Amino acid sequence: MFSWISNIQKCCQKARQSIRPSGLFFQAFLGFWLTIISILILLVALSQLQPERLETKALKGKLLDSLVHLQHNIDRLVNVKHKPLEKVINHPRFNEHKWLYLAHSNIEQSLTSQPNKHNLDLSLLHFDEPQAPQFIATERYFAYGPFEINAEGERYQLFQIKPLREPPLLMRMKMLPFWLKALAVLLPSVLLSILFSRRLVAPLNSLGSSAKALASGELTARVQIPKHRHDEVTTLMYDFNHMADKLEQSVNTHKQLLADVSHELRSPLTRLSLANALAQDNANEQQLAYLTRIEKEAQCLDKMLSDILTLSRLEHGQQTLHMQQVSMATLLDNLLLDAHFEAEQMGKELKVTTLPKLTLECDGELLSSAIENVLRNAIKYAQQTISMSFSVTNNQVEICITDDGEGVSDDALQQLCQPFFRTSQSRNRDSGGIGLGLAIAKRAIFAHHGTLTFKHNQPHGLLVIMTLPI
């Protein structure tokens with residue numbers, strides 16, 4: 001019993017929270033009724049501005065037959081039996097359930113079978129020209145006619161009047177033209193819908209943009225929170241910024257730890273290399289082979305630590321760039337010479353188009369190292385051929401490097417520049433490296449305001465496009 005009551009209290013509490021005045025539920029509820037009220041106000045305003053008008057349509061069916069029969073009876077009584085017209089229409093036989101009105105060209109000579117208690121404007125029923133019998137609707141009454149009656153040398157038009165019980169305002173709104181009704185509905189609906197949608201969607205778009213920026217690696221991305229807004233979307237924004245803060249702190253802590261550990265390992269590694277060199281001086285042939293192997297592994301470890309420190313400095317913007325004018329030939333000549341030699345040793349062919357004659361404002365050593373990382377990666381995983389080409393536009397140079405290797409999957413294509421990432425298809429522990437070369441290359445090119453893009457090469461292999469400003 002108590003648990004049942006407790007559940008009811010929790011449900012009520014959640015309901016109160018969901019309909020708080022600043023919540024989206026309340027805003028949607030208010031927006032809906034505000035639209036309805038605006039439509040009604042606009043309809044009333046338009047009906048007041050619209051002059052009093054008639055709506056007519058042809059009279060048909062049994063009602064037409066009944067009124068034609070009534071016309072003939074009145075005509076017979078007046079013109080054959082010579083009964084006074086006013087007396088005829090006031091006879092209970094005719095006016096017991098009908099209000100008859102005989103319109104004359106001189107409105108003062110018009111006749112009515114009942115007093116005009118409701119002050120209806122019957123002057124609307126005076127037509128200068130003969131009219132076919134019609135159903136006539138005004139905002140206060142319906143009328144059926146006219147039917148021609150000639151009596152005592154005067155011409156009358158017979159109408160049957162039916163007062164309306166509905167308020168005149170409601171009838172006036174009903175009688176508005178269709179285009180005015182559509183305008184009254186569409187104008188508030190569209191304007192208020194746009195207003196409410198912008199209020200709802202604008203912060204969500206801002207939140208989506210910040211989320212995309214955060215997902216692309218921009219850890220400082222935050223969403224701007226409106227000061228005078230306190231609803232579920234605002235709460236979501238606060239939660240997103242809190243998540244982003246924690247994520248940035250965690251990633252930066254991880255990077256700093258990696259950099260610190262790498263830096264601290266340099267000292268014992270240096271002492272290890274020094275001790276190894278001293279040991280080689282007094283080693284026999286068998287021991288020398290082991291010590292040489294230790295030296296090689298120490299050099300590999302030193303290179304890894306150097307790459308980690310370089311990546312850390314680039315990610316934190318701590319890498320000092322020594323910018324100067326460097327020609328493309330100076331930047332790539334030695335690099336391509338070594339690449340040709342490496343490709344030949346592996347039984348592969350490197351094809352390079354003519355270097356463009358231009359200069360770049362860059363850190364030559366860092367940029368050359370980045371291009372070398374991409375090119376050596378292509379040589380390593382190509383089967384037979386590696387191609388390097390250049391394309392120059394007005395304000396940038398595009399360097400394309402392709403290989404005919406196995407390539408990578410679509411998922412791996414998006415992660416090639418992530419530190420320590422290794423694809424199962426093309427990389428393993430025997431291939432060397434720890435997955436930092438392309439990560440360093442990407443950040444080095446970004447530091448020069450360029451882009452690094454990976455695509456599938458057809459029919460197989462990888463296409464790398466490096467774009468640099470001139």
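Student: Among contacts between residues at least 6 apart in sequence, what share joins residues at least 24 apart in this protein?

Tutor: In this predicted model, 61% of the contacts between residues at least 6 apart in sequence join residues that are at least 24 apart. The protein has 470 residues, of which 35% count as buried, and its chain forms 13 helices and 13 strands.

Student: How should I read the packing of two helices, and at what angle do helix 10 and helix 11 cross?

Tutor: Two packed helices are described by the angle between their axes and by the distance between those axes. In this structure, the axes of helix 10 and helix 11 cross at roughly 20° and come within 10 Å. Angles under 35 degrees count as roughly parallel, and helix 10 and helix 11 are therefore roughly parallel to each other. The crossing in which helix 10 passes helix 11 is right-handed.

Student: Which residues of helix 10 and helix 11 meet?

Tutor: From helix 10 come Leu331, Leu332, Leu335, Leu336, Ala339, Glu342 and Ala343, and they meet Gly364, Leu367, Ser368, Ile371, Glu372, Leu375, Arg376 and Ile379 of helix 11. Sorted by class, this contact of helix 10 with helix 11 has 10 nonpolar, 2 polar and 3 charged residues.

Student: How does helix 11 pack against helix 13, and what is the angle there?

Tutor: Helix 11, which spans residues 364–381, and helix 13, which spans residues 437–447, pack at an angle of about 140°, with their axes 8 Å apart. Helix 11 and helix 13 are therefore oblique to each other, and helix 11 passes helix 13 in a left-handed crossing. On the side of helix 11, the residues in this contact are Leu366, Leu367, Ala370, Asn373, Val374 and Asn377, while helix 13 brings Gly437, Leu438, Ile440, Ala441, Ala444 and Ile445. The residues of this contact divide into 9 nonpolar, 3 polar and no charged.

Student: Which residues of helix 13 are buried?

Tutor: A residue counts as buried when its relative accessible area is under 20%, and in helix 13 this applies to Leu438, Ala439, Ile440, Ala441, Ala444 and Ile445. Helix 13 is followed by His449, whose phi is positive, near 65°.

Student: How do I read a salt bridge, and how many does the structure hold?

Tutor: Side chains of opposite charge can pair when their charged atoms come close. The structure holds 5 salt bridges. In one of them, Arg222 pairs with Glu248, and the closest N and O atoms are 2.6 Å apart. This pair links distant parts of the chain, since Arg222 lies in the loop between helix 7 (178–215) and helix 8 (232–281) while Glu248 lies in helix 8, 26 residues apart. Arg222 is partly exposed, with a relative accessible area of 24%, and Arg222, Asp245 and Glu248 are linked in a network of salt bridges.

Student: Where do Glu297 and Arg293 lie, and how many residues apart are they?

Tutor: Glu297 and Arg293 both lie in helix 9 (residues 285–315), and they are 4 residues apart, which is about one turn of the helix. The closest N and O atoms of their salt bridge are 3.0 Å apart. Glu297 is partly exposed at a relative accessible area of 39%, and Arg293 also counts as partly exposed, at 49%.

Student: Which parts does the pair of Arg376 and Glu342 tie together?

Tutor: The side chains of Arg376 and Glu342 meet in a salt bridge of 3.1 Å, N to O. Arg376 lies in helix 11 and Glu342 in helix 10 (residues 328–345), so the pair ties together parts that are 34 residues apart in sequence. Arg376 is partly exposed, with a relative accessible area of 42%.

Student: Is Ala221 buried or exposed?

Tutor: Ala221 counts as buried, at 6% relative accessibility, and it lies in the loop between helix 7 and helix 8. Leaving aside residues up to four places away in sequence, Ala221 touches Ser210, Ala213, Leu214, Phe240 and Ala244.

Student: Where does Gln157 lie, and is Gln157 buried or exposed?

Tutor: Gln157 lies in strand 6 (residues 154–163), and at 5% relative accessibility Gln157 counts as buried. Not counting residues up to four places away in sequence, Gln157 touches several residues, among them Tyr101, Leu125, Phe127, Pro146 and Glu148.

Terms used
Residues numbered from 1 in each chain as written. Predicted model: local features only at pLDDT ≥ 70, side-chain atom pairs only at ≥ 80, totals over all residues. Heavy atoms only, no water. Axes fitted to C-alpha atoms, helices over the stretch in contact; angles between N-to-C directions. Parallel < 35°, antiparallel > 145°, perpendicular 65-115°, else oblique. Left-handed = near helix turned anticlockwise from the far one by under 90°. Contact = heavy atoms within 4.5 Å. Nonpolar A, V, L, I, M, F, W, Y, C, P; charged D, E, K, R; others polar. Salt bridge = Lys/Arg side-chain N within 4 Å of Asp/Glu carboxyl O. Buried < 20%, exposed > 50% of the residue type's maximum accessible area, 1.4 Å probe, protein only.
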